[in-house]
Amino acid sequence: MASDDKKNCMRDIKVDKLILNCCVGESGDRLTRAARVLEQLTGQQPVYSKAKYTLRSFGIRRNEKISVHVTVRGEKALEILERGLKVKEYELLQGNFSDTGNFGFGINEHIDLGIKYDPTTGIYGMDFFVCLTRPGARVAKRKVRQSRVGFNHKVTKEDAIKWFQDKFEGVVLAKAL
């Protein structure tokens, strides 16, 4: 029947999207400079996010723009993810992986990604969040003949960790050092 050399291509895991988030915590000039950094990194126009409610201790008001984010898909997402993981030295914690098979991490300085330092821009940290999926996940999202993805076909935490270790030869640590 099925030999060992044949692999089910529907079980392959791929990067659905990479979300880059840069939260400044205030609107104004710093936020526009952070947007310029994300645009320089991805080549796409970033989207501004607003505060849900007022926090006087942080000095932010409701509906004030406080962060920028951009969603990257395809080959560009893999290339930016590779650069981000190189900064983290391909080491992630087990807590970085969610139960739904996604993972995220943060970096402190965007200049580590290979962008030249500009004194007028400054240095910004950012969050990387990676959504993993399998072929056939579209059946849950499409408009016509919508269906559910079976439990065995969903990406789990263990699947995401194994994919990360195989694809990037990364190390997953149990706890922070």
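Okay, let's start with one residue. Leaving out residues up to four places away in sequence, L81 touches V15, L18, F103, F105, V130 and F168; touching, or contact, means heavy atoms within 4.5 Å. Keep L81 in mind, we'll come back to it.

A quick word on what you're looking at. This is a predicted model, where local features need pLDDT of at least 70 and side-chain atom pairs count only at pLDDT 80 or more, while totals for chains, interfaces and linings use all residues. Residues are numbered from 1 along each chain as its sequence is written, and side-chain values use heavy atoms, with hydrogens and water left out.

Now the overall layout. The protein chain has three helices and seven strands, taken as DSSP runs numbered from the N terminus (helices H or I, at least four residues; strands E, at least two). Reading from the N terminus, the order is β-α-β-β-α-β-β-β-α-β. The C-alpha trace spans about 65 × 40 × 30 Å along its principal axes. Take the contacts between residues at least 6 apart in sequence: 62% of them join residues at least 24 apart. And of the 177 residues, 35% count as buried, meaning under 20% relative accessible area with a 1.4 Å probe, protein chains only (exposed is over 50%, partly exposed in between).

Next, how do the strands line up? Strand 1 and strand 3 pair in the antiparallel sense over six bridges; pairing needs at least two DSSP bridges between the strands. L18, one of the residues that L81 touches, has V72 in strand 3 as its bridge partner. On to strand 2, residues 47–50: four bridges join it to strand 3, again running antiparallel. There, S49 stands opposite S67 in strand 3. Then we have strand 5 and strand 6, an antiparallel pair with five bridges. If you want to find that pairing on the screen, look for G106, whose bridge partner in strand 6 is D127. Strand 5 is largely enclosed by the rest of the structure, because four of its five residues are buried.

That brings us to the inside. The largest nonpolar core has 38 residues, a core being a set of buried Ala, Val, Leu, Ile, Met, Phe, Trp, Tyr and Cys joined through side-chain atoms within 4.5 Å. Here's our L81 again: together with L20, F103, M126, F128 and L132, it has the most contacts inside this core. Which elements give two or more residues to the core? Helix 1 gives the most, with six residues. As a bit of background, in soluble globular proteins nonpolar side chains tend to be buried together.

Last stop is a loop residue. L113 lies in the loop between strand 5 and strand 6. So, is L113 buried or exposed? L113 counts as buried, because its relative accessibility is 6%. Who are its neighbours? Leaving aside those within four places in sequence, L113 is in contact with L41, R83, G84, V87, I107, M126 and F128. L113 and L85 sit 28 residues apart along the chain, with 9.4 Å between their C-alpha atoms.
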